[in-house]
Amino acid sequence: MKVAWIGLGNMGTPMAANLVRAGHQVVGFDLVEGARARAAGLGVIVATGAAQAVADAEVVFTMLPAGRFVRSALLDPGGVLDHLAPGSVVVDSSTIDIATARELHEQVTARGFRFLDAPVSGGVFGAEAGKLTFMVGGSDETLALVADVIDAMAGRVFHAGGPGSGQSAKLANNMMLAINTAGLAEGAVLAQRLGLDARTFYDIATVSSGDSWPLRNWYPVPGVVETAAVNRDFDGGFAVTLMSKDLGLALQAGRETATDLPLAEQVMGQLASLIELGWGGKDTASLVKLVDGSLGPAASSDSEDNR
Ligand code: NAD
């Protein structure tokens, strides 16, 4: 298919590159020159602007930082919709707020196009490997039209439901991930202070009721799980700022549905502390640093108490 791609960042570029590899023609655009150059090196035809990128497209993907960027790229005068052929499909794979996703469904379809909210899970590694999990909101018919294209980037594709359902699934999932990671941090530190060998406790918990995805992938003690960012001073992985963004969107969804989310609120506060202390770019499993007191205010107030 003829695909347009708007937003060639950390996720967008490897996703678009997988479409090129699968034989699709991909014309892409990003505001940043470096992003455009990297994508061009991977076979993406780089356009001079969003309008040129979408001129011949049958499907347009957006992979942008937040809802307001997606709204502006699509709806602003001279933007994507002003240059797209009638009947084309717009797929937003960014993680954005549910209200904006629903509004985009309405506005895009009202102008004679089709729309899917289709956020992804799996991070940059999943994007590079073409193994992302897609959570799709919209109609069966629209999904069927672009299923082959999505398959070239996906390990699994779920049709979560109607408009906004993809974002709903993504935000509820990532909220659980954040809370599980905070729980893991407390469990790992407590086990260690009780004198347990980290590897032995990990082996016990993975086959017991404390098991979780972050436990198996992000255990925050060095040398236990190879993939864990703790082995690399928490570099790479799922950045605190990204988790904070997703959790903020989940809390917004909580307010909109009158749902109390006290655990999510608590973890949001912890992520804010990490960001304040300059750890925003580090992996989310660095939450363990707040528990073991090896970073920031907890450590310094302890030492003051000791004095
Ligand atoms: P990124 O910041 O690396 O990329 C976003 C790109 O969009 C940037 O290159 C920016 O220049 C570009 N951009 C912004 N406005 C634009 C416009 N109007 N026209 C063209 N380009 C524009 O972010 P990312 O890590 O690639 O994430 C993209 C989306 O995917 C976000 O919504 C994020 O929450 C979500 N996501 C990220 C990950 C991850 O691990 N990075 C995982 C799952 C989902």
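I began with Asp 117, whose side chain makes a polar contact of 2.7 Å with the side chain of His 105; a polar contact here is a pair of N or O atoms within 3.5 Å, where within protein one must be able to donate a hydrogen and the other to accept it, and residues adjacent in sequence count only if both atoms are side-chain atoms. I keep in mind that this is a predicted model, in which local features need pLDDT of at least 70 and side-chain atom pairs count only at pLDDT 80 or more, while totals for chains, interfaces and linings use all residues. Residues are numbered from 1 along each chain as its sequence is written, and side-chain values use heavy atoms, with hydrogens and water left out.

I placed Asp 117 in strand β6, residues 114-117 (strands are DSSP runs of E, at least two residues, and helices runs of H or I, at least four, numbered from the N terminus). I also noted that the backbone nitrogen of Gln 167 lies 3.0 Å from a polar atom of the Asp 117 side chain.

I then searched the whole structure and found 8 salt bridges. One of them joins the side chains of Asp 82 and Arg 111 at 2.7 Å, N to O. Asp 82 lies in the loop between α4 (67-75) and β5 (89-92) and Arg 111 in the loop between α5 (98-110) and β6, so this pair ties together parts that are 29 residues apart in sequence. Asp 82 is partly exposed at 41% relative accessibility, and Arg 111 is partly exposed at 39%.

I looked next at Glu 141 and Arg 114, whose side chains meet in a salt bridge of 3.8 Å, N to O. This pair links distant parts of the chain, with Glu 141 in helix α7 (residues 140-151) and Arg 114 in strand β6, 27 residues apart. Glu 141 is exposed at 56% relative accessibility, whereas Arg 114 is partly exposed at 27%.

Last, I checked Arg 199 and Asp 203, which form a salt bridge with closest N and O atoms 3.1 Å apart; both lie in helix α9 (residues 198-206), 4 residues apart, about one turn of the helix.

Methods: A salt bridge is a side-chain nitrogen of Lys or Arg within 4 Å of a carboxyl oxygen of Asp or Glu. Buried means under 20% relative accessible area, exposed over 50%, partly exposed in between (1.4 Å probe, protein chains only).
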